[in-house]
Amino acid sequence: MSVRIAYLTRGGRGSVLTGVRLVGQSSDQSLPARDGAERGEAPRGDGRGGEGVPRPLEPDDAARWIKEKLAAARSTRALALLCLDTQGAVCSWLTSPSREIEVVAATARQASFAGRDLDAPARSGGVLEFYAGDATDSSIEPLAAPKAAEPRRSLLPGRGKAESNGAAGTGGGAGGTAKVTPERLPVLAVQDVPARLVIDALDRVSVPVEGVCTLWHLMASAWDPSRRGSQRSGGSEAVAGSTVAESSGPMTAVLVVDPAGRLLWAWSRDGALVAAGSVRLAVSGDEDALPVYGESDVARVCAEWLSWAAQVGSAPARAVCIVTPGVEGTEPAAFGAALGRAWEGLAVDLVTAPDPVLATLERAAAAMESTPAPDEPSRDPSQGLVGLGSRPGKRHRRMYLWSAGALAAMSAMIAVSAWRLGSLAAAAQSAANGWRNEWRELIQREHPEAAYEAPGQSMLQSLEGEVNQRERAVAPIAGTGTVMPVLREVEALTLVMADPNHKLVSLIADSDLRTEITVIVPDTATAEQLVRAVQRVSGSAIASWNPRLTTETTGQDRGKVRLQLTGIWTRPGDRGGEREGGGS
């Protein structure tokens, strides 16, 4: 089997690593080795030395040991889960303006620094003050998952607008400012320095960690019947406004007797941790040093449950107890019966195991064996420790190195491009200087007056004035049209009009308008002959002649015919060319 869960045991309020337990579906290995650990039997003692002081364990040694044991398993290249014991961990209440992990952590540490809750003058959250010291040595996360449709609001009253589904807030003020309502949330605080060191050491030996959680998280996910899809029984209904009212499953309480001498309990809904706590147990005086539990411990657990039920607005309807076999003065059945009597309506399931913690780890490993590995760490604090699960590792550093290399390569390309642009700019400047010197020499030779600036006139203005003057001197005369062969046409027409019977009245010929001839002939037949003669003039530039005949009614030419011919010039480019015709 490939799934392995590493269980870290710690001392010194969770600040010292004392042991590692690598558990699979059918394997149990410990560092330091304990009697019967390889066979899955109950360990002897509590992992302490002869003086009763936990022996520290180096994180690098633990990482190398985990890598060695994983290498002996088939198809194992990663650690499925890193589980922390409950040493140095506490679950308490906190008033926070948001369920976001960063906001809750900042609020807890601010309350710890101020010595009081943000909205209460009285001192509160004293337990968190003990654990919520610094962000470098502890994790503080809410057990209530962030709301899916929770609007983003400013943490300061009167600042910002609510942004939910694109709609403006409906709070007071012209801008629709949303009012932030603080909320009481269950908060888990864990001293996690050993876990951080082990995760970093595993990363150095190339063993990735898929997830990190506490034993409380593992109890909720492993023993909650609703997580396995079994038939759900009715439970106490959540009151309005409770932090767990979003889930529809019944509340289940899981109790585990830790051989180290604690009674651990966790409330879960659909396998998600809702609340948790622990009660210290007496230990038998024999060499086995087994924990002793009884009705007095039930009373202490129920007292904590009452306060939590008032806070979350819900109570468990079923309890699963994983206890050790009874010792002198302790009976598991009596413990279960006492729990059922103390909490009315509670259905109690009792499981006995030599080592309840080992049974929980094996059950979780068996459940994980049939599920695929997650693509990315969970962002739900009720399923595990989000901050440790997403701790940067070798892959992140490799990504940063590649990004830095890409930026360096891009910088080198930009530098080369800048150098080439500088070279091109220098070449262009040199060419410009050459052209400038050349035209200065031409000006000095052709127009020396423009080589020096005159008062009130720059060199460029003087040069432009000289250029314009010379262009005007060689420019063609404006207004000259196309010149037609007027003299040649007049000469040809006078030859046609040389007949003594023709009396020429007028001959008008120019290049722009038209050619017009007025002549008096004896009769109409003579007029027609004259028209044909004019039209047949060879080489004429006149395209056509339009005749007009009238009869004279007065004067000495009375009775004769007045012939008026109007000719239209053939323009250059007109089709037809010169008119064909015979001689005069």
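This is a predicted model: local features need pLDDT of at least 70, side-chain atom pairs count only at pLDDT 80 or more; totals for chains, interfaces and linings use all residues.
Let's look at H13 itself. The helix covers residues 524–535, which is 12 residues. From its first C-alpha to its last it reaches 17 Å, close to the 16 Å expected at 1.5 Å a residue. Its buried residues are Thr-526, Ala-527, Leu-530, Val-531 and Val-534. Seen down the axis of H13, these buried residues fall within an arc of 140 degrees, so they line one face of the helix.

Now for the aromatic rings. The count of aromatic pairs comes to 7.

| Pair | Centre to centre | Angle between planes | Arrangement |
|---|---|---|---|
| Trp-265 and Trp-305 | 6.1 Å | 70 degrees | edge-to-face |
| Trp-267 and Trp-305 | 5.9 Å | 65 degrees | edge-to-face |

Where do these residues sit? Trp-265 lies in strand E12 (residues 262–269) and Trp-305 in helix H6 (residues 295–312), so their pair ties together parts that are 40 residues apart in sequence. Trp-267 also lies in strand E12, so its pair with Trp-305 in helix H6 links parts that are 38 residues apart in sequence.

Are they buried or exposed? Both Trp-265 and Trp-305 are buried. Trp-267 counts as buried too, at 0% relative accessibility. Finally, one aromatic cluster is formed by Trp-93, Trp-265, Trp-267, Trp-305, Trp-308 and Trp-343.

Technical notes
Residues are numbered from 1 along each chain as its sequence is written. Side-chain values use heavy atoms; hydrogens and water are left out. Helices (H or I, at least four residues) and strands (E, at least two) are DSSP runs, numbered from the N terminus. The expected span of a helix is 1.5 Å times one less than its number of residues. Buried means under 20% relative accessible area, exposed over 50%, partly exposed in between (1.4 Å probe, protein chains only). The arc is that of the directions from the helix axis to the C-beta atoms. Rings of Phe, Tyr and Trp (its six-membered ring) pair if their centres lie within 6.5 Å; planes under 30 degrees apart count as stacked, over 60 as edge-to-face and the rest as tilted.
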